[in-house]
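Here is a short report on one protein model.

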Amino acid sequence: MSHKEPAGDNIVVAPCHPISRWWSKETVAIVTGANKGIGFALVKQLAKLGLTVVLTARNTIRGVEALESLKSEGLHVHFFSLDVSDPNSIQAFVSRFQEAFGVVDILINNAAVSFNDIYENSVKKATTVITTNFYGPKVLTEALLPLFRHSSTAGRILNISSRLGLLDKLNNPKIKEMLLDEENLCEEKIVWMVNLFLENVKNGTWESQGWPQIWTDYAVSKLALNAYSKVLANRYKGHGLSVNCFCPGFTQTSMTGGKGALTPDDVAVVGARLALLPEEELPTGKFYVIGSNHVIYSKL
């Protein structure tokens, strides 16, 4: 997509003027998978902007090291251990978080895994990928929903996703039709889809069933996350909660082997902006990408 394309009914160009500051130190943001890469950069950016930020990581040692690194830059954030692939870890985190903060304003579901090099496409660890990248954000989000602050500025959920999970990568007409039927789309149908994929992996037929052809297990996990985000956005539209997805693009992280056009800090500037849009400019149910010259597009 060219950055010169006009905005249509399903494309929104984010405004480039400075954001009016609506948040304060009392505004609480959670970022998952934040001991390195994009998650770490998002924590740093939000802390610089003056929010109270909770950094989570699966590995406690690495989480503490990230905390100390930020402290050396004069940034005070909070660290809690959290493995989004483990429901018990999610339950323990939410309990500790509620005791410490009581409410949350912003949740950025960033934690994700892929076990493929850039040009590989193995599905040997498909179950782990689906569990971490789809069920992890889903279970965590549902556990935190009661804790979102009721305020005039609306709660915000930003799911870090991927264009690999867009519908144009799917070549299965039945599933595509199901996902396009937003009025009847529900969590049960999304779970059915991921279970079907895992069954195809188990019986060795996944390559002939129309699933995305690049990083297939990762792409299906993001396809499911995008669909779930849409369901959640529709459910809470007009009820003080915004749910959007953001694809950071080809970014220099451990997942890409350090290759990429953008740095995590580049991405974090955009991601933080999306999470902090003023309520009058805050959409829901959108999929954001970074376009040419860092112009942001939003697709339905």
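pLDDT is the predictor's confidence in each residue, on a scale from 0 to 100. It applies here because this is a predicted model. Over residues 1–16, pLDDT stays under 50. For that stretch the model has 27 contacts beyond four places in sequence. Across the protein, the mean pLDDT is 89. A value of 70 or more is reached by 87% of the residues.

**Overall make-up**

The protein has eight helices and nine strands. It counts 300 residues, and 52% of them are buried. Contacts between residues at least 6 apart in sequence were also sorted by separation; 72% of them join residues at least 24 apart.

**The cavity**

How many cavities of 30 Å³ or more does the count give? The count comes to one. The largest cavity has a volume of about 60 Å³. Its lining includes Arg156, Ile157 and Leu158. Ser242 and Asn244 also line it. So do Leu274, Ala275, Leu277, Leu282, Pro283 and Tyr288.

Which elements supply at least two residues each to this lining? They are β6 (155–160), β7 (241–247) and α8 (264–275). The largest share, three residues, comes from β6. By class, the lining has eight nonpolar residues, two polar and one charged.

| Residue | Element | Relative accessible area |
|---|---|---|
| Asparagine 109 | β5 (residues 106–109) | 3% |
| Lysine 138 | α4 (residues 126–144) | 10% |

Is asparagine 109 buried or exposed? Its relative accessible area is 3%, and buried means under 20%, so asparagine 109 is buried. The side chain of asparagine 109 makes a polar contact with the side chain of asparagine 159, at 2.8 Å. Neighbours within four places in sequence aside, asparagine 109 is in contact with Thr32, Pro137, Leu140 and Thr141, among others. Ile157, Leu158, Asn159 and Ile160 are also on its contact list.

Lysine 138 sits in helix α4. With a relative accessible area of 10%, lysine 138 falls under the 20% cut-off and is therefore buried. What does lysine 138 touch, not counting residues up to four places away in sequence? The residues are Glu187 and Tyr228.

Technical notes:
Residues numbered from 1 in each chain as written. Predicted model: local features only at pLDDT ≥ 70, side-chain atom pairs only at ≥ 80, totals over all residues. Heavy atoms only, no water. 1 Å grid on protein atoms, 1.4 Å probe; cavity = no way out; pocket = protein on both sides within 12 Å on 5 of 7 lines; lining within 4 Å. Points joined across faces, edges and corners; volume = space filled by probe spheres on them. Helix = DSSP H or I, 4+ residues; strand = E, 2+ residues; numbered from the N terminus. Nonpolar A, V, L, I, M, F, W, Y, C, P; charged D, E, K, R; others polar. Buried < 20%, exposed > 50% of the residue type's maximum accessible area, 1.4 Å probe, protein only. Polar contact = N/O pair within 3.5 Å; in protein donor to acceptor, adjacent residues only side chain to side chain. Contact = heavy atoms within 4.5 Å.
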